[in-house]
Amino acid sequence: MVHLEHDGTNRTPDCSEGESNLSTERRKWNDTSLGDETRNVIERDAACFLHQSVSSPCLSAVRKAEGIWLEDMDGRRYMDFHGNSVHHIGYGHPRLKAAITQQMDELPFAPRRFACKTATELAEKLGRISPGNLSKVLFTTGGSDAIETALKIARVATGRFKTLSFWDSFHGAGFGASSIGGEQLFRMGPIGPLLPGAEHVPPFDAYRNPFGIPHTREHPRDKEVGDIVANLIRFALEKEGDVAAVIAEPNRAVPYIPPPGFWKQVREACNEAGALLIFDEIPTGLGKTGQMFACDHDDVVPDILVVGKALGGGILPIAATICRPELDVCGDFALGHYTHEKNPVTCRAALTTIEIIEDEDLVVNAATTGAWALERLNDMMDRHELIGDVRGRGFLLGIDLVKNRETKEPANDLAEQIFYRCLENGLSFKISMGSVLTLYPSLVTTRADMERALQIIEDAIAGVA
């Protein structure tokens with residue numbers, strides 16, 4: 001699909017948020033790997049849903065989701081190392097389904113003007129597990145809305161409207177979220193002007209940094225790149241003078257891992273400039289990185305924290321904007337007034353999900369099994385020249401494929417070939433930025449599951465190399 005720029009030129013956005021659903025490799029997969037029943041459902045889907053990049057037409061059709069597994073209409077099973085980051089506790093957790101069922105019997109809905117005990121308990125729980133004194137909450141039905149709620153609060157609290165965020169970041173698909181996001185996939189095209197005042201700086205990725213600083217595993221330059229980006233943020237805040245908030249993913253889901261001390265520098269720069277710091281933990285929060293929140297690794301407390309995706313346990317949609325008490329400044333008008341803002345069923349799902357994460361020590365599992373997996377990936381890199389870089393934290397892992405380790409030219413075509421080979425062998429994941437095999441396993445994934453998945457990937461890499 002070609003996107004028309006406002007100047008009349010045609011340009012296809014860069015790969016970023018997933019593998020292409022319009023490529024030659026996708027057509028091969030559709031032609032050779034799908035059974036009749038799966039293909040029939042995909043064709044019906046494509047006939048009735050609006051088409052969009054990386055979504056419809058779809059990859060396959062699911063009839064069952066359980067634990068870490070997906071099953072298609074033809075009975076093929078896949079370990080799901082993507083899951084749209086919702087399946088922290090695995091699909092269909094029995095305890096979660098029981099809690100939701102009980103809540104529907106007791107209280108299925110609460111109009112937003114009425115207090116609801118379940119919603120209150122969830123808000124209190126989020127305040128207890130969040131860093132610092134973050135404790136004032138608003139619920140929405142999706143992460144994009146929660147991000148835009150945070151933007152509204154920042155505008156009111158500071159009297160400013162400008163934001164500073166990162167290129168290549170993703171914060172949602174709404175107009176506000178797309179404006180502060182940095183992916184061409186959501187910013188390009190004839191949609192129209194985005195929000196004014198949305199400024200951007202390069203990400204803290206050292207591997208392919210725009211500053212010409214050579215970075216390799218043998219000679220890492222993470223801190224040097226991080227210092228430059230932190231200084232750019234400070235410089236932009238000083239020059240603009242009226243930025244309401246810096247908004248960022250504390251651990252970019254590609255993944256990009258911030259160097260030690262980076263966020264402390266940004267926090268100090270925000271304090272000096274009078275700007276708020278907003279952390280988007282929609283994909284990384286609730287244990288994905290081996291801490292309850294990714295910002296816990298850096299011991300930095302934002303002014304606003306946004307969570308979503310996995311908060312509903314992979315069953316129901318719910319997100320939350322969590323603020324420090326001093327930012328409760330919008331009482332005279334409506335921030336969201338969402339119909340399902342205090343829905344007891346979605347709130348029960350979220351509360352139970354957090355309890356399951358705690359009771360089953362899933363954060364610890366992500367930390368320990370994820371650390372082992374990163375070692376395994378480094379060993380894999382020693383054996384395969386196609387791997388230019390590996391990086392990760394907890395159960396957020398990336399394998400960056402290159403045609404040449406010196407030039408770091410992304411191996412986009414080979415990444416797609418590897419992806420479909422892995423699908424054939426029962427493993428689903430995501431391609432980020434065109435060439436990064438990105439793994440978001442469920443927090444219930446065992447070491448044996450992880451070893452099986454990584455062996456499937458290594459076999460596929462060897463097969464195309």
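## Surface patch

Val156, Val329 and Phe333 make a nonpolar surface patch of about 220 Å². Phe333 lies in the loop between strand 12 (319–323) and helix 10 (344–359); helices (H or I, at least four residues) and strands (E, at least two) are DSSP runs. Phe333 is partly exposed, at 43% relative accessible area (buried is under 20%, exposed over 50%, partly exposed in between, with a 1.4 Å probe and protein chains only).

## Basis of the model

This is a predicted model, in which local features need pLDDT of at least 70, side-chain atom pairs count only at pLDDT 80 or more, and totals for chains, interfaces and linings use all residues. Residues are numbered from 1 along each chain as its sequence is written, and side-chain values use heavy atoms, without hydrogens and water.

## Backbone features

Val254 and Pro255 are joined by a cis peptide bond, with omega about 5°. Pro255 is in the loop between strand 9 (243–248) and helix 9 (262–273).

Ser85 and Lys309 are not glycines, yet Ser85 has a positive phi of about 65° and Lys309 one of about 45°. Ser85, between strand 5 (77–80) and helix 3 (94–106), is buried at 4% relative accessible area. Lys309, in the loop between strand 11 (304–307) and strand 12, is partly exposed at 34%.

Definitions and conventions:
Patches are made of residues with over 30% relative accessible area and no salt bridge: like charges are joined within 9 Å, nonpolar side chains (Val, Leu, Ile, Met, Phe, Trp, Tyr) within 5 Å. Accessible areas come from the Shrake-Rupley method with a 1.4 Å probe; for residues, only the protein chains shown count as cover. A salt bridge is a side-chain nitrogen of Lys or Arg within 4 Å of a carboxyl oxygen of Asp or Glu.
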